[in-house]
Amino acid sequence: MGKKDLKFNSKTIHGGQEPDAGYGAVIPPIYQTSTYAQSTPGGHKGYAYSRSANPTRTALENSIASIENGSYGLAFASGIAAIDAVIKLLNPGDEVISTNDLYGGSYRIFRCIFEKYGITFHFIEMQNIAKIKENINSNTKLIWVETPTNPMMNVIDIKAVSMLAKKHNILLAVDNTFATPYLQRPLELGADIVMHSATKYLGGHSDVVVGALVVKDKHLADQLYFIQNASGAVCGPMDSFLTLRGIKTLHVRMQRHCENGKAIAEYLANHPKIDMVYWPGFETHPNHDVAKNQMDDFGGMISFVPNGSSYKEAIKIVEKLKIFTLAESLGGVESLVGHPASMTHASIPKENRKKIGVVDALIRLSVGIEDVSDLIADLEQAIG
């Protein structure tokens, strides 16, 4: 059996990996070097300068490509750096269609960095395919999908969007950070590019900042490799090593994230002091059928609104939590809580946030892999 034929749980450990050629190290070494000896100008062993390529980064890129069932992987200094590379495929006058409730950092780089270079962004309700059709014109070159969305947990039909994109010869990129390839593999559903903030679930231990892209098409990969090298926003060998180590336990961590997430979503849904709970595993979720079809489980990300929907009530809850740590980010082994309006989505104007449901009282949970009874007890004491 070849390594390409391995099941997902085995790919996280072996996919794209071989023992190191130097001494047979089972785990790829940390090549903490900026440059490499050459026998003659241009005569080297595949590596000349670590911005262009580094063996530890190559191992990470091969691993991420494998678990996404892609052909080419690229690792960056952050998820935003990976997004930056994708938008640099475009030219002034091009247009992008994206969801209206995406991560605040994505919104910020789209609106505050790239719009001034003549690229137009349309933020729409992408759960409705008809609305995407309405915004397509001859200048549309990219559709940017985030699913499940951050923080409203909306689910977008990747296959349906892919069919529409292919019909109009438009690139489709999917931010797969929340789901990970354990739950959803966008390339199999027709996406051209998959993006990860590997800082989150892929790394899994809140100790790195890394981004990644995965593609199948060689021409597209070559374009992105050129941008990666020319712009230079690459991750270092230590971060590559740590992320690769994190990927090796992705499958067991995600199983527990999903189990704990389900238990906590159900607890919150039945709590008399909670008004709304956003989690795609509920049959009442407006996109549940899509989630059930394109995801293997429903993940550990949950958003909720306490009774009264007040900013004051939300802040009181997040400050009282003891096991859930109030912090930016998500996807680590430890449970985190965030207040999107003042943290991850503060860069989005308040009137825009309210339109999509990111009200001042909204609380977002990244459910970790602790004992779920401890997590529920923590929520109980904080909510009261």
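Is Arg185 buried or exposed, and what is its relative accessible area?

1. Arg185 is buried, with a relative accessible area of 18%, where buried means under 20%, exposed over 50% and partly exposed in between, for a 1.4 Å probe and protein chains only. The model is predicted, with local features needing pLDDT of at least 70, side-chain atom pairs counting only at pLDDT 80 or more, and totals for chains, interfaces and linings using all residues. Residues are numbered from 1 along each chain as its sequence is written, and side-chain values use heavy atoms, leaving out hydrogens and water.

2. The side chain of Arg185 meets that of Asp296 in a salt bridge of 2.9 Å, N to O, a term for a side-chain nitrogen of Lys or Arg within 4 Å of a carboxyl oxygen of Asp or Glu. This pair links distant parts of the chain, 111 residues apart, and Asp296, at 52% relative accessibility, counts as exposed. Arg185 and Asp296 are also linked with Glu188 in a network of salt bridges.

3. Asp222 and Lys218 form another salt bridge, again at 2.9 Å from N to O, and both residues lie in helix α8 (residues 218-231), four residues apart, which is about one turn of the helix; helices here are DSSP runs (H or I, at least four residues), numbered from the N terminus. Asp222 counts as partly exposed at 38% relative accessibility, and Lys218 counts as partly exposed at 48%.

4. In the salt bridge between Asp360 and Lys350, the closest N and O atoms are 3.1 Å apart. Lys350 lies in helix α13 and Asp360 in the loop between α13 (350-356) and β12 (363-366), so the pair ties together parts that are ten residues apart in sequence.

Definitions and conventions
Helices (H or I, at least four residues) and strands (E, at least two) are DSSP runs, numbered from the N terminus.
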